[in-house]
Amino acid sequence: QVQLVEDGGGSVQAGESLRLSCAASGYTWNTAWFRQGPGKEREGIALIYTRDGRTEYADSVKGRFTLSRDNAKNTVHLQMTSLKPEDTAVYYCAAKSQIVYEYSPMDPRGFHYWGQGTQVTISS
């Protein structure tokens with residue numbers, strides 16, 4: 001069983017930046033970040049493919065968030081810039097143990113491992 005440990009949440013003002021990290025205890029297939037704001041459904045916001053490092057982003061964060069991977073450390077980093085109050089949420093790292101074809105790439109049902117979540121709060 002792979003464990004995911006998140007780090008880097010906190011409280012900042014709008015326009016500032018934060019970086020989240022997710023360290024995996026073992027190999028994972030693909031890794032994504034999800035977030036769940038107050039009263040909202042869990043939303044997939046960024047995905048990185050292990051095989052080629054290709055990334056995908058939700059429209060809500062495209063151009064502001066950048067996902068990268070350090071393969072040597074089994075760690076992914078989510079650099080978040082130009083943060084907005086609507087980015088306030090609990091952020092979760094998730095990973096797959098194998099390719100899952102029946103769900104879209106960022107459908108949470110396709111992920112097998114989840115971190116504990118880290119709070120990100122953006123004040124205006």
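Trainee: How many helices and how many strands does the protein chain have?

Mentor: The protein chain has zero helices and 11 strands. These elements are DSSP runs numbered from the N terminus, helices being H or I with at least four residues and strands E with at least two. This is a predicted model, in which local features need pLDDT of at least 70 and side-chain atom pairs count only at pLDDT 80 or more, while totals for chains, interfaces and linings use all residues. Residues are numbered from 1 along each chain as its sequence is written, and side-chain values use heavy atoms, leaving out hydrogens and water.

Trainee: What makes the radius of gyration of the protein chain agree with that of a compact globule?

Mentor: The globule rule is 2.2 Å times the number of residues to the power 0.38, with the radius taken over C-alpha atoms. For 124 residues a compact globule would have a value near 14 Å, and the protein chain has 13 Å, so the two agree.

Trainee: Why is Val120 called buried?

Mentor: Buried means under 20% relative accessible area, exposed over 50%, and partly exposed in between, using a 1.4 Å probe and protein chains only. Val120 has 0%, and is therefore buried. Val120 belongs to strand β11 (residues 118-123). Buried residues make up 47% of the 124 residues in the protein chain.

Trainee: Which residues does Val120 contact, leaving aside neighbours within four places in sequence?

Mentor: Contact means heavy atoms within 4.5 Å. Among the partners of Val120 are Gly9, Leu18, Leu20, Met80, Thr88 and Tyr91.

Trainee: Where is Thr88, and what does its side chain reach?

Mentor: Thr88 is in the loop between β8 (75-80) and β9 (89-95). The side chain of Thr88 reaches the backbone oxygen of Pro85 at 2.9 Å. Beyond four places in sequence, Thr88 also touches residues including Gly37, Pro38 and Ile122.

Trainee: Why is Ser82 called partly exposed?

Mentor: Ser82 has a relative accessibility of 39%, and therefore counts as partly exposed. Ser82 lies in the loop between β8 and β9. Its phi is near 45°, a positive value in a residue other than glycine.

Trainee: What makes Asn74 partly exposed?

Mentor: The relative accessible area of Asn74 is 21%, so Asn74 is partly exposed. Asn74 is placed in the loop between β7 (65-70) and β8. Asn74 has a positive phi of about 50° although it is not a glycine.

Methods:
A polar contact is a pair of N or O atoms within 3.5 Å; within protein, one must be able to donate a hydrogen and the other to accept it, and residues adjacent in sequence count only if both atoms are side-chain atoms.
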